[in-house]
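Here is a note for a colleague who is meeting this structure for the first time. Please keep the sequence and the model open while reading the points.

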Amino acid sequence: MEFPSKLIEEAVEQFSQFPGIGKKTALRLVLYLLKQEKEQTTSFTEALNNLRQKIRYCVECHNISDTEVCSICTSHRRDRSLICVVEDIHDVLAIENTSQYNGLYHVLGGIISPMNGVGPDELNIQTLVDRIAGKDGEVQEVILALSATMEGDTTSFYITRKVSDKGVKVSTIARGIPFGGELEYTDEITLGRSILTRVNYDLPAS
Amino acid sequence: MYLSNLHLESFRNYQSLAINCSRGINCFVGKNGSGKTNLLDAIHYLSMTKGSLNSVDSQNIRKGDPLFFIKGEWKAAKKGAGKGEQVQVAFQPGQKKLIKVNQKEYEKLADHIGRFPVVLIAPNDTDLIREGSEGRRKFFDSIISQLDASYLENLMVYHHYLKQRNSLMKQYGETRRLDKTLLAVYDEHLMKSGQLIFDSRRGFTEKFEALFSPRYQWLSGGAEQTKVVYVSELSDASWKENFKKAIDKDMALQRTTFGIHRDDFEFLLEEEPVKKFGSQGQQKSFVIALKLAQFDITSQVKGFAPILLLDDIFDKLDDDRIKKLMELVGEDDFGQLFVTDARPERTMTLFKGLKKDKKLFKVEEGKVEEIEF
């Protein structure tokens, strides 16, 4: 793509570094910004600068935070005996949105894959082990909520081994047929697993 | 099921081509280099999602063209027994290869394998006997995968974890540090899927051999004893201990030195390896019998005969063995045949007497023309 202005070219270059943004979309965004009031761009860049400079990661769970310890970890209303282990900050948001979970989190910051240069030392696994060991039996259950991939399995397996002597219960989120999903369209592996790990059907209390 | 027509765009030396195939015998004749084998390769693509000649998809695009496209239509062998199925493969560099059946795309290419089976017999098949164990593992893996989808799944899982474990070993080589817990996790994974693969390979070899021995004797007209022996480090009852003991070697060589990725299949003729002691003729019979056993076992499991592709093999065979092959092709329940030959007269003489639906195609510089038998 040829640009009439070096300035536009530089801005497009910056925008197109974002995931999911190509050169065309980047140009659209740049031209949009130019059409708006100058103040908008100023507050936009300020917000980004603040974000980059002031953002912190919770020292307890490694979730994104404005303070040293995040709002979930300091909350009195959360159940401190549960820790849900997730790969990324995205996953914390996804689980929070379900409103079904009231425990704490632990963000690994990735998933074990030596092929991609990510070993256990690159992830927040040791801090999880320390967290469980250091709280004098406060933590009773670790819930593994990792992707249903081979790397997710490996990471779950690894963490389970690491905490096996700490006297905590380790569970993993159920895998199965999506809510509202139809049986015949479910892939065979998921369906097979669902049959193997079937649960009792309880009549609702009347 | 038979392939009723074939349509190519920019595939190898074909710019654009559409032919209607016979449900019985299809012969492609023409000079060397005219593009006969490319037609068989296109059929191979439709069945196996890849070529048999060149595994690099981009190198199968006609020179100067942006993409290639292959389409074929399968029809039920009996009239009115189910509707036809259209298979297409398209590839453009930089994009993912697209395989569609009845215009519907696959989520995983692996799901396609085995739906439209083919068996290819080609001149370089004796490599299977002469070359290393990798070719033999590939040969058997490809057959078992076509017959059992969970086998392919296990194989992919195994190789994925193997790659991860090898990366771990490489990292040890650089940092001299090894996470024993993580190693144990990969060992656990490899032992589990390795065991499943071992069981499948062992079970399959038995079934395969029961079909192979009679085929060899039928083809060679002799009574020589043949054997296909599955050789695996996992045959040892204490293999799990041996696997764990291999860790020192693994760390020194920075890769996994024990497991089903090192399996081999030994081919024996009268108790001796056919690779070392078999004559040229015996080796040829052996390898064709292997392919025919593949044909037999696929027919047995699928309940219909796979398409047989014979690529330029008449030059390499004596009259007796050609006669045997013609016998097979002439059988009533034999499916569909595609054959290439550089000598039109020979093909015409061979097939003329067979009372089967047949077509003869003259291939010349990327053009194909149907001619009279």
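How many residues does the contact take from chain A and from chain B?

1. The contact takes 16 residues from chain A and 19 residues from chain B, where contact means heavy atoms within 4.5 Å. This is a predicted model, in which local features need pLDDT of at least 70 and side-chain atom pairs count only at pLDDT 80 or more, while totals for chains, interfaces and linings use all residues. Residues are numbered from 1 along each chain as its sequence is written, chains are lettered from A and ligands numbered from 1 in the order in which they are written, and side-chain values use heavy atoms, with hydrogens and water left out.

2. Between them, chain A and chain B bury about 1600 Å², of which 63% is on carbon and sulfur atoms; buried area is the accessible area (1.4 Å probe) that two parts lose on being put together, summed over both. Of the area that chain A buries against chain B, 38% is supplied by P114(A), M115(A) and M150(A), more than by any other three residues.

3. The two chains are also joined by 2 salt bridges, a salt bridge being a side-chain nitrogen of Lys or Arg within 4 Å of a carboxyl oxygen of Asp or Glu. One of them links R161(A) with E188(B), the closest N and O atoms being 3.4 Å apart. On the side of chain A that touches chain B, helix α7 (residues 150–163) of chain A gives the most, with 8 residues; helices (H or I, at least four residues) and strands (E, at least two) are DSSP runs, numbered from the N terminus.

4. Within chain B, 6 strands form an open sheet in the order β2-β1-β4-β5-β6-β7, with antiparallel pairing; two strands pair if DSSP finds at least two bridges between them. Its edge strands, each pairing on one side only, are β2 (14–20) and β7 (104–105) of chain B. Strand β1 (residues 2–11) of chain B is joined to β2(B) by 6 bridges, and F11(B) stands opposite Y14(B) in β2(B). Helix α1 (residues 36–48) of chain B lies across β1, β2, β4 and β5 of chain B, at about 110° to β1(B), where axes are lines fitted to C-alpha atoms, for helices over the stretch in contact, and angles run from 0 to 180 degrees between N-to-C directions.

5. An open sheet of 3 strands, also in chain B, has the order β9-β10-β11 and antiparallel pairing, with β9 (226–231) and β11 (272–273) of chain B as its edge strands. Helix α5 (residues 180–220) of chain B lies across β9 and β10 of chain B, at about 170° to β9(B), and helix α9 (residues 280–302) of chain B lies across β9 and β10 of chain B, at about 125° to β10(B).
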